[in-house]
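Here are my notes on the model, as numbered points. They start with the aromatic residues and then turn to the overall fold, the helix packing and the backbone.

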Amino acid sequence: VSVLYCFCVFSLLSREPSPASMSHCKFEHPRHGHLGFLPRKRSRQIRGRCRSFPKDDASQKPHLTAFMCFKAGMTQIVRDADRPGSKINKKEVVEAVTVLEAPPMVVVGIVAYKETPVGLKSLGTVWAHHVSTEFKRRFYQNWKQSGQKAFTQLKAFQKTRAGLAATAATLRRFAKKATVVRVVAHTQLRKLRNHTVRVKKAHVAEIQVNGGTIAAKLEMAKGLLEKEVRVDSVFQQSEACDVVAVTKGHGFEGVVHRWGVACLPR
């Protein structure tokens, strides 16, 4: 019996597995953790960053492509599911939704880029003549202990003949060489109804202008300088859009909590 047993074990170990019977963990074992959220570490800034904007369509009218807003809370909604092939198709489902508060933004600058073999290259920036205090706070770590002189020299230079000529030359350079036009906008935290956001520094971001020609984009951007932009002028009701945000974080955790893997029996 022992001889037969050893022969069976030897035959099983020496037999090479066929390609049909071979497998791998990447085929049978689902991975844990979404690779789209790598690297899982602390963000440099609390404001979400648009890494890409929608593809430009010259047949449309010039319009902004993004808007900054703040989380106000959450609630539940009841809606009809539209998932063909699922058990909940054409049935009412209850889902959790996030409520966002979007106070008007203010446009304070225009930036233009030209495409190069190594990426976009800036052609300059045209700033508004009047900027608010909450926007200037963003350039200081401590506003009270600083000189609070941000944009004062630029404001004085813009009034002179040389300043007007420099602004006009920059806009002509935009119209001649630019392929991408963006506006510099900031939030107005003082208009938030959610007073738990105790931040006085405005959040600043570049928002791309899509649609129309370069001249039409520049004309729209110049018309928005020092003016408020409402969210209903950027997005329409029931329009699908992408949301970019920064997670609150879950602290220093191990691999089980961070990636959701299972604890195997020891």
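1. Rings of Phe, Tyr and Trp (its six-membered ring) are taken as a pair if their centres lie within 6.5 Å; planes under 30 degrees apart count as stacked, over 60 as edge-to-face and the rest as tilted. On that basis W127, F135, F139 and F151 make up one aromatic cluster. The model is predicted, and local features need pLDDT of at least 70, side-chain atom pairs count only at pLDDT 80 or more, while totals for chains, interfaces and linings use all residues. Residues are numbered from 1 along each chain as its sequence is written, and side-chain values use heavy atoms, with hydrogens and water left out.

2. The structure has six aromatic pairs. In one of them, the ring centres of W127 and F135 are 6.1 Å apart and the planes meet at 45°, so this pair is tilted. W127 is partly exposed at 26%, whereas F135 is buried at 0%.

3. F139 and F151 pair edge-to-face, with 5.4 Å from centre to centre and 70° between the planes. Both residues are in the loop between helix 3 (133-136) and helix 4 (152-159), twelve residues apart. F139 is partly exposed, with 46% relative accessibility; F151 is buried, with 18%.

4. F151 also deserves a look for its backbone: its phi is positive, about 70°, although the residue is not a glycine. E226 is another non-glycine residue with a positive phi, about 65°. E226 sits in the loop between helix 6 and strand 8 (228-229) and is partly exposed, at 38% relative accessible area. Most residues other than glycine have a negative phi, and most peptide bonds are trans. The peptide bond from L38 to P39 is cis, with omega near -10°; P39 belongs to the loop between helix 2 (25-28) and strand 1 (63-64).

5. For the chain overall, seven helices and eight strands are assigned. Helices (H or I, at least four residues) and strands (E, at least two) are DSSP runs, numbered from the N terminus. Of the 266 residues, 26% count as buried. A contact means heavy atoms within 4.5 Å. Among contacts with a separation of 6 or more, 70% come from residues 24 or more positions apart.

6. How do helix 5 (residues 161-177) and helix 6 (residues 214-224) cross? Their axes come within 8 Å and cross at roughly 145°. Axes here are lines fitted to C-alpha atoms, for helices over the stretch in contact, and angles run from 0 to 180 degrees between N-to-C directions. L171, F174 and A175 of helix 5 meet I214, L218 and K222 of helix 6. T170, also in helix 5, is buried at 12% relative accessible area.

7. H203 lies in the loop between strand 6 (180-186) and strand 7 (204-210) and is buried, with 13% relative accessible area. Leaving aside residues up to four places away in sequence, H203 touches I46, R47, M68, F70, R138, A185, H186, T187 and L189.

Technical notes
Buried < 20%, exposed > 50% of the residue type's maximum accessible area, 1.4 Å probe, protein only.
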